[in-house]
Amino acid sequence: MAPFSQIFAAALAALPLCLAQMQPGPPFVRLNKNDSMVIVADLQEGLYQVVRDFDPITYRNNMIAHSAIASLFSLPIVLTTSAETGPNGLLPKEISSLYPSAPLIRRNGEVDAWDNADFRAAVRAQNKSQIILAGITTDVCTEFLALSLRAEGYTVFANTEASGTFTDKLARDANDRMVAAGVVLQGVFAIVMDLMRDWRGEPGSAQVLPWLDTYLPAYGYVARAHEAAVTNGTLAPGEAGL
């Protein structure tokens with residue numbers, strides 16, 4: 001058996017590690033629907049065609065779902081486009097028609113939307129500290145703007161499902177850089193759930209389930225299956241008691 005002095009020395013050496021493991025981890029940054037806004041950055045019909053890290057149908061739905069989050073939770077939204085009279089094209093009408101009165105900043109040169117004075121003014125006018133962001137491309141329109149917003153002190157939630165780019169590698173590299181700057185990466189479902197917080201709230205189940213049925217049918221059909229089971233279901237032999 002080792003002498004007591006050796007045992008004591010080993011325990012003493014392990015103490016800093018034990019104390020470090022007991023320290024609280026990084027804070028859980030939560031979305032607050034009363035302090036959040038949405039930005040649509042260059043989700044344009046021309047730029048949509050360069051996205052190769054999603055299949056086209058999935059990505060189209062993700063772009064529209066991202067934009068519709070503001071409507072579901074009555075959040076302010078700022079739209080911006082880049083050279084929309086050129087090859088980048090217009091915002092899809094499924095997005096623009098949702099917000100006919102929202103600020104739409106048409107940039108004619110600035111790559112990073114934050115370099116545009118009108119865009120900065122539109123964002124600041126919303127008086128929100130949390131920004132939910134998506135753009136094309138992930139490594140330019142989303143990343144550059146996210147890093148600029150972080151430098152200004154905003155908390156940024158980058159919607160990784162609604163931001164697209166040329167390759168998976170470019171998306172990973174951009175996401176790594178954003179994470180290093182403190183940007184929170186989330187998808188549509190996580191953003192909606194964090195804003196809602198509680199199915200019994202407002203908006204809650206009555207508003208969110210129909211929204212999910214439209215914009216995230218993979219979950220909407222969970223609710224549909226439950227409805228069918230309750231209103232039209234009968235147990236097959238052998239199911240009772242399972």
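Reader: Does Trp-114 count as buried or exposed, and at what relative accessibility?

Author: Buried means under 20% relative accessible area and exposed over 50%, with partly exposed in between (1.4 Å probe, protein chains only). Trp-114 comes to 6% relative accessibility, so it counts as buried. The model is predicted, so local features need pLDDT of at least 70 and side-chain atom pairs count only at pLDDT 80 or more, while totals for chains, interfaces and linings use all residues. Residues are numbered from 1 along each chain as its sequence is written, and side-chain values use heavy atoms, with hydrogens and water left out.

Reader: How many aromatic pairs are there?

Author: A pair of aromatic rings is described by the distance of the centres and the angle of the planes. Here, rings of Phe, Tyr and Trp (its six-membered ring) pair if their centres lie within 6.5 Å; planes under 30 degrees apart count as stacked, over 60 as edge-to-face and the rest as tilted. The count under this rule is 7 aromatic pairs. One of them joins Trp-114 and Tyr-154: the centres are 6.1 Å apart and the planes stand at 75 degrees, so this pair is edge-to-face.

Reader: Which parts of the chain does that pair link?

Author: Elements first: helices (H or I, at least four residues) and strands (E, at least two) are DSSP runs, numbered from the N terminus. Trp-114 sits in the loop between strand E3 (104-107) and helix H4 (117-125), and Tyr-154 in the loop between helix H5 (138-151) and strand E5 (155-159); the two are 40 residues apart, so the pair links distant parts of the chain. Tyr-154 is also buried, at 12% relative accessibility.

Reader: Why is the pair of Trp-199 and Tyr-219 classed as stacked?

Author: Their ring planes are at 15 degrees, with the centres 6.2 Å apart, so the pair is stacked. Trp-199 belongs to the loop between helix H7 (188-196) and helix H8 (205-215), and Tyr-219 to helix H9 (217-232), 20 residues apart. Both are partly exposed: Trp-199 has a relative accessible area of 32%, and Tyr-219 has 27%. Elsewhere, Tyr-48, Phe-54 and Tyr-59 are linked into a cluster by ring pairs.

Reader: How many residues of H7 are buried, and what do they pack against?

Author: An α-helix has 3.6 residues a turn, so residues three or four places apart point the same way. In H7, 7 of 9 residues are buried, and the helix is mostly covered. Among them are Val-188, Ile-191, Val-192 and Leu-195. Contact means heavy atoms within 4.5 Å. The buried residues of H7 pack against strand E1 (36-41), helix H2 (56-73), strand E4 (130-135), E5, strand E6 (184-186) and H8. Arg-197 follows H7 and has a positive phi, near 70 degrees.

Reader: What does Val-29 contact beyond its sequence neighbours?

Author: Leaving aside residues within four places in sequence, Val-29 is in contact with Thr-155, Phe-157 and Asp-194. Val-29 is in the loop between helix H1 (4-22) and E1, and is partly exposed at 34% relative accessible area. For comparison, Asn-175 in helix H6 (168-180) is buried, at 17%, and touches Thr-138, Thr-160 and Leu-185, residues up to four places away not being counted.

Reader: What do the totals for the protein chain look like?

Author: The protein chain has 9 helices and 6 strands, and 40% of its 242 residues count as buried. Among contacts between residues at least 6 apart in sequence, 77% join residues at least 24 apart. The C-alpha atoms fill a box of roughly 80 × 65 × 35 Å along the principal axes.
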